[in-house]
Amino acid sequence: MKLDLATPIVAAGEDGVAKAVKCLRDGGLVAFPTETVYGLGCDAGNAAAIARLYQAKGRPSFNPLIAHVADLAAAERIGRFDGDARRLAASFWPGPLTLVVPKAEHCPVADLATAGLDTVAIRVPLHPVAQAILRGFGGAVVAPSANRSGHVSPTTAAHVHVDLDGRIQLIVNGGPVSVGVESTIVACFDQPVLLRPGGLPREKIEAVLGRALAQPVAADPTRPLAPGMLASHYAPRTKVRLEATHVEPGEALLAFGAAALPGVDATTVVMNLSEQGDLAEAAANLFGYLRALDAKGASGIAVMPVPRHGLGEAINDRLRRAALPRE
Ligand code: TXA
Ligand code: MG
């Protein structure tokens with residue numbers, strides 16, 4: 001498919017959804033909103049389109065993708081669900097949960113998208129625009145977050161445009177997302193394992209399972225269980241300093257809660273994830289604020305401590321990655 005110089009942004013009405021569906025059928029790359037972050041989708045059965053998707057993101061192709069479908073019935077054509085997987089799907093789909101399960105026989109997802117693994121990651125998003133596109137398309141759509149590899153995930157159509165203009169066929173604008181961090185990923189084999197904390201808090205998953213989620217055992221640290229969780233995946237260019245109890249001269253501040261830090265008066269660049277200390281609000285603001293602070297030319301970004309329970313687990317995970325030295 002030919003790439004125009006500029007990528008059109010269409011509003012997420014009936015017309016926009018129809019354009020997205022046609023583009024997916026033609027093997028194109030379409031960015032669309034989900035409730036977690038914007039995804040960059042293509043036909044999960046079209047290996048050539050998937051190759052172009054990896055290229056557009058600048059993402060290594062050994063990094064497998066999540067297959068998005070409209071409902072559990074469609075998911076069961078792709079993967080095999082045991083009791084735990086079915087319970088989690090019934091409780092949390094549609095929603096910000098991805099399940100990694102063994103591939104079904106005749107799984108229609110191209111091997112390139114699963115990096116040759118015999119497992120597949122599946123998600124049923126809740127966002128009405130994502131749902132409309134998936135129902136219109138009828139098949140599975142593989143979609144990583146719609147950012148250039150190494151950048152933070154996009155939570156608005158404008159973020160997508162900054163990263164991927166001229167590299168993809170279409171952006172569907174459905175406004176800012178509601179959750180703001182990527183889906184929680186749980187692998188369901190013998191024992192459910194938390195591969196990535198995300199938009200669905202661990203506590204809710206454990207309440208449904210009636211037991212604790214296991215931690216991944218990475219026998220070989222160069223081949224992590226969720227291969228996309230490369231250490232410095234969520235990377236602003238500006239140096240990030242965590243658990244800040246003061247602000248240094250020249251630093252920008254990413255605040256949380258109402259407390260004022262020593263040194264804050266000297267900086268003009270302050271963004272507060274949530275003055276009320278609300279973790280859902282903080283998650284929704286996280287990536288947009290990191291992008292905005294990164295653009296200020298500060299000497300560093302100081303980040304106040306964020307509690308670790310509920311959505312705080314995913315927020316702290318992304319902040320820790322943002323603070324790692326670049327690979
Ligand atoms: O919220 C989300 O999950 C967003 C929206 C667009 O759905 N998508 C997203 O995709 O975050 P991405 O590609 O940025 O992250 C997918 C993660 C990667 O860490 C990848 O390694 C992991 O899922 N993954 C995919 N297939 C896997 C598999 N078979 N086994 C283990 N991990 C897998
Ligand atoms: Mg991503």
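**Figure 1. The two domains of the chain, whose C-alpha centres lie 28 Å apart.** The model shown here and in the other views is predicted. Domain 1 covers residues 9–209, and domain 2 covers residues 239–323. Where they touch, 23 residues of domain 1 are in contact with 15 residues of domain 2.

**Figure 2. The area buried between domain 1 and domain 2.** The size of an interface is often given as the accessible area lost when the parts come together. Here that area is about 1,400 Å², and carbon and sulfur atoms give 56% of this value. On the side of domain 1, Val-152, Val-181 and Pro-197 lose the most area to domain 2. Together these residues make up 37% of what the domain 1 side buries.

Figure 3. Three elements, α6 (157–164), β10 (192–196) and α7 (202–209), each contribute at least two residues to the side of domain 1 that touches domain 2. Sorted by class, that side holds 9 nonpolar, 9 polar and 5 charged residues.

**Figure 4. Residues listed by UniProt under "binding site".** The unreviewed UniProt entry names Thr-36, His-68, Arg-123, Ala-143 and Ser-183. These residues span 148 residues in sequence, but no two of their C-alpha atoms are more than 12.8 Å apart, so they gather at one spot. Thr-36 sits in the loop that runs between β2 (30–33) and β3 (38–43).

**Figure 5. The cis peptide bond between Trp-93 and Pro-94.** Most residues other than glycine have a negative phi, and most peptide bonds are trans. The bond joining Trp-93 to Pro-94 is cis, with omega at about -5°. Pro-94 belongs to the loop between α4 (83–92) and β5 (97–102).

**Figure 6. The backbone at Ala-115, a residue with positive phi.** Ala-115 is not glycine, yet its phi is near 55°. The residue is placed in the loop between β5 and β6 (119–123).

Methods: Residues are numbered from 1 along each chain as its sequence is written. Chains are lettered from A and ligands numbered from 1 in the order in which they are written. This is a predicted model: local features need pLDDT of at least 70, side-chain atom pairs count only at pLDDT 80 or more; totals for chains, interfaces and linings use all residues. Side-chain values use heavy atoms; hydrogens and water are left out. Domain bounds come from an automatic or database domain assignment. Contact means heavy atoms within 4.5 Å. Buried area is the accessible area (1.4 Å probe) that two parts lose on being put together, summed over both. Helices (H or I, at least four residues) and strands (E, at least two) are DSSP runs, numbered from the N terminus. Ala, Val, Leu, Ile, Met, Phe, Trp, Tyr, Cys and Pro count as nonpolar, Asp, Glu, Lys and Arg as charged, and the others, Gly among them, as polar. UniProt positions are given in the numbering used here, feature names are shortened, and annotations may be inferred rather than shown by experiment.
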